[in-house]
Amino acid sequence: MHPSWTLVKSFAALLLLCNCAAALALDEATIEQLLKREIIGPRSAMEEVQTFTENRVPPMPEITSLEQWQREAERIRQRVLDEIVYRGQAAKWRDAETKVQWLDTIEGGPGYRIRKLRYEALPGLWIPALLYEPTELNGKVSVVLNVNGHDGNGKAAAYKQIRCINQAKRGMLSLNVEWLGMGQLRGTDYAHYRMNQLDLCGTSGLAPYYLSMKRGIDVLLSHEHADPQRVAVAGLSGGGWQTIFISSLDTRVTLSNPVAGYSSFRTRARHLKDLGDSEQTPNDLATIADYTHLTALLAPRAALLTYNSMDNCCFESGYALPPLMEAAQPVYELFERPDRLRSHVNHDPGTHNFDRENREALYRMIRDHFYEGSEQFVASEIACEDEVKTKEQLDVPLPENNASFHSLALDLLKTSPPRSPLPDNPFAFKGWQKSQRRKLSELVRYHDYECSAVEHAAGEHDGVRVGHWRLRIGDSWTVPAVELSPPDAKSTAILVSDRGRSATAATAAKLLAGGQRVLAVDPFYFGESKIAEKDFLFALLVAAVGERPLGIQASQLAAISRWLHKRDGTVPILHSDGPRSSTFAIVATALEPVSIGDFHWQGLAPLSDIISQNRAVNEMPEMFCFGLLEHFDLPELSNLIAPRGMRFKD
């Protein structure tokens with residue numbers, strides 16, 4: 001061999017060693033800077049989730065006849081009750097007896113008294129309430145369920161007391177009920193974002209809200225003087241949401257006045273201050289109906305939609321009201337009762353309120369529809385500010401161990417049926433895995449997405465090839481990714497972290513030093529894919545339109561792994577860091593047995609810890625996947641990964 005050729009070979013070998021050394025020398029700080037480089041920008045994730053949710057909200061059906069609408073209305077109403085409200089254990093709560101305990105009666109003011117009571121919304125969960133009862137009652141009289149919103153004063157809120165007093169002074173039975181999470185039911189365990197603990201266990205977290213209202217109507221109609229033909233519901237904000245929800249689904253309600261309480265899901269996707277709490281955005285509601293449908297379901301009963309022109313909270317009249325009226329008006333016309341649908345816009349003060357001007361609009365509505373417009377029914381407010389009571393005066397004794405969202409979830413966890421056992425026969429194990437993967441796929445709403453990759457930028461740093469990728473997942477999502485490739489890499493690792501891809505620098509450095517290629521990605525909700533505003537509320541909206549954030553994340557990871565597997569001919573290993581990333585990573589690994597190899601994790605915790613540690617959906621929204629804990633926890637998910645390896649990453 002010619003001496004010069006030997007020299008060339010020696011130089012090439014030396015160069016390869018230098019490149020390997022360069023890879024080894026690529027320090028963690030440098031890697032972190034490479035991982036931080038912007039790829040999709042701060043608004044991309046927001047724009048994609050807005051489009052994703054908005055496009056999945058069902059439009060109002062085209063209705064050509066009254067009979068057609070009546071069939072459609074009954075179908076919607078029944079499906080929402082059966083499939084949304086009364087899911088899981090809630091189906092048993094539905095048929096429980098309405099238990100009522102009447103307590104003290106206190107003096108109200110001229111013409112009425114206040115009777116304290118509590119009633120069971122569901123077994124063990126008592127709701128404190130006040131019945132404003134006229135002192136002289138003859139025959140059948142109108143009844144009103146008064147619900148309140150996100151006001152810490154609860155049933156003691158002055159504007160609510162004044163409304164109830166005015167109703168009683170007009171000879172009506174007025175029930176002032178406490179709302180979960182407010183007033184006497186304030187506290188961590190009643191916080192609205194903890195209702196999703198029930199969802200995780202496979203039971204509707206919405207059910208306690210609905211049953212609280214339903215039982216309230218039961219209480220009113222059990223009164224010997226109650227007129228079942230004149231049943232009204234009214235409330236502000238969260239009380240407005242309660243009003244539309246109970247009124248649309250419980251046809252015993254004959255007059256409804258939601259005040260600044262809701263808008264269409266389509267509206268919410270674009271007007272972020274309308275994005276509602278867990279109960280307003282329940283799992284899968286928008287697979288059946290939008291709030292436009294619920295508004296139309298009020299027909300032909302009396303409805304007054306009240307909104308505020310400069311609402312400083314939510315649901316401004318200018319954008320929230322028109323889609324609702326447009327949906328409901330044609331239906332009222334089919335019934336030939338367009339007069340029963342009204343709207344009212346408050347300009348003074350125009351902010352978030354159920355103050356005098358809005359209350360008087362309600363009194364007029366009651367006069368016109370319950371009292372045939374009688375001039376004897378005074379629609380102007382009766383002054384009663386000096387009759388408003390203190391919170392202490394209105395407190396209703398409650399059982400010491402009154403149930404809460406958290407206690408109900410703990411009970412569900414204790415009493416849930418055993419999960420699918422492993423087969424004794426090892427030959428049946430693969431069949432068990434197949435059936436369980438199918439069940440898991442259904443629960444997380446898994447998608448077999450295609451991944452198409454566009455390299456946003458490319459270069460080399462100290463011998464390591466650096467690629468910044470925009471990974472298009474299906475037709476909805478763009479996942480940013482950074483690929484670091486040492487020379488002659490023989491394997492690939494996918495890295496995810498609760499803190500975003502830049503936080504994977506230490507792991508990436510170790511893997512690069514070992515000669516592995518790494519792809520650090522930010523799936524839905526994390527790192528550069530974090531939604532810029534109202535992030536967890538968008539997660540609720542994603543679940544409301546029938547998808548699951550956990551399923552989106554797992555589907556994205558699986559699609560990326562299939563792309564790498566096809567491109568490189570090797571099966572990537574998955575590395576996760578943090579409880580949330582590790583959860584969607586183990587789900588992805590369980591559901592993608594071909595293109596994901598071993599799973600290395602840090603921070604993975606049992607799903608049951610979410611309940612035992614009393615976590616809330618605003619802390620880790622994808623973890624509250626409806627029904628997941630009813631069927632799967634770490635042992636079941638781990639068994640779906642076998643025979644691949646799964647180990648803790650120290």
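Okay, let's start with a pair: helices α6 and α13 are roughly parallel to each other, where roughly parallel covers angles under 35 degrees, over 145 is roughly antiparallel, 65 to 115 is roughly perpendicular and the rest is oblique. Their packing angle is about 25°, and their axes sit 11 Å apart. Axes here are lines fitted to C-alpha atoms, for helices over the stretch in contact, with angles running from 0 to 180 degrees between N-to-C directions. Helices (H or I, at least four residues) and strands (E, at least two) are DSSP runs, numbered from the N terminus.

Who touches whom? On the α6 side we have Tyr159, Ile162, Arg163, Asn166 and Gln167, and on the α13 side Arg359, Leu362 and Tyr363. Contact means heavy atoms within 4.5 Å. By class, that gives 4 nonpolar, 2 polar and 2 charged residues. For the classes, Ala, Val, Leu, Ile, Met, Phe, Trp, Tyr, Cys and Pro count as nonpolar, Asp, Glu, Lys and Arg as charged, and the others, Gly among them, as polar.

Quick housekeeping. This is a predicted model, so local features need pLDDT of at least 70 and side-chain atom pairs count only at 80 or more, while totals for chains, interfaces and linings use all residues. Residues are numbered from 1 along each chain as its sequence is written, and side-chain values use heavy atoms, leaving out hydrogens and water.

How confident is the prediction? pLDDT is the predictor's confidence in each residue, from 0 to 100, and the protein chain averages 94, with 96% of the residues scoring at least 70. Over residues 1-24, though, pLDDT is below 50, and that stretch has 12 contacts beyond near neighbours in sequence. Where pLDDT is low, the predicted coordinates should not be read in detail.

Zooming out, the protein chain has 23 helices and 17 strands. The C-alpha trace spans about 120 × 50 × 50 Å along its principal axes. Of the 650 residues, 59% are buried (buried is under 20% relative accessible area, exposed is over 50%, partly exposed is in between, with a 1.4 Å probe and protein chains only).

Now the second pair. Helix α20 (residues 579-591) and helix α23 (residues 634-641) pack at about 40°, with axes 7 Å apart. That makes α20 oblique to α23. This crossing is left-handed. Touching residues include Ile586 and Ala590 of α20, plus Leu637 and Ile641 of α23. The contact has 6 nonpolar, 2 polar and no charged residues.

Follow the chain on from α23 and you reach Pro643, in the loop between α23 and β17 (646-648). The peptide bond from Ala642 to Pro643 is cis, with omega near 10°. There's also a cis bond joining Asp348 and Pro349, with omega about 10°. Pro349 sits in the loop between β9 (341-346) and α13 (356-370), and α13 is from our opening pair.

Last stop: positive phi. Glu336 isn't a glycine, yet its phi is about 60°. You'll find Glu336 in the loop between α12 (317-334) and β9. Is Glu336 buried or exposed? Exposed, with a relative accessible area of 67%. Arg445 has a positive phi too, near 55°, but Arg445 is partly exposed, at 26%.

How values were computed. A crossing is left-handed if the near helix is turned anticlockwise from the far one by less than a right angle, and right-handed if clockwise.
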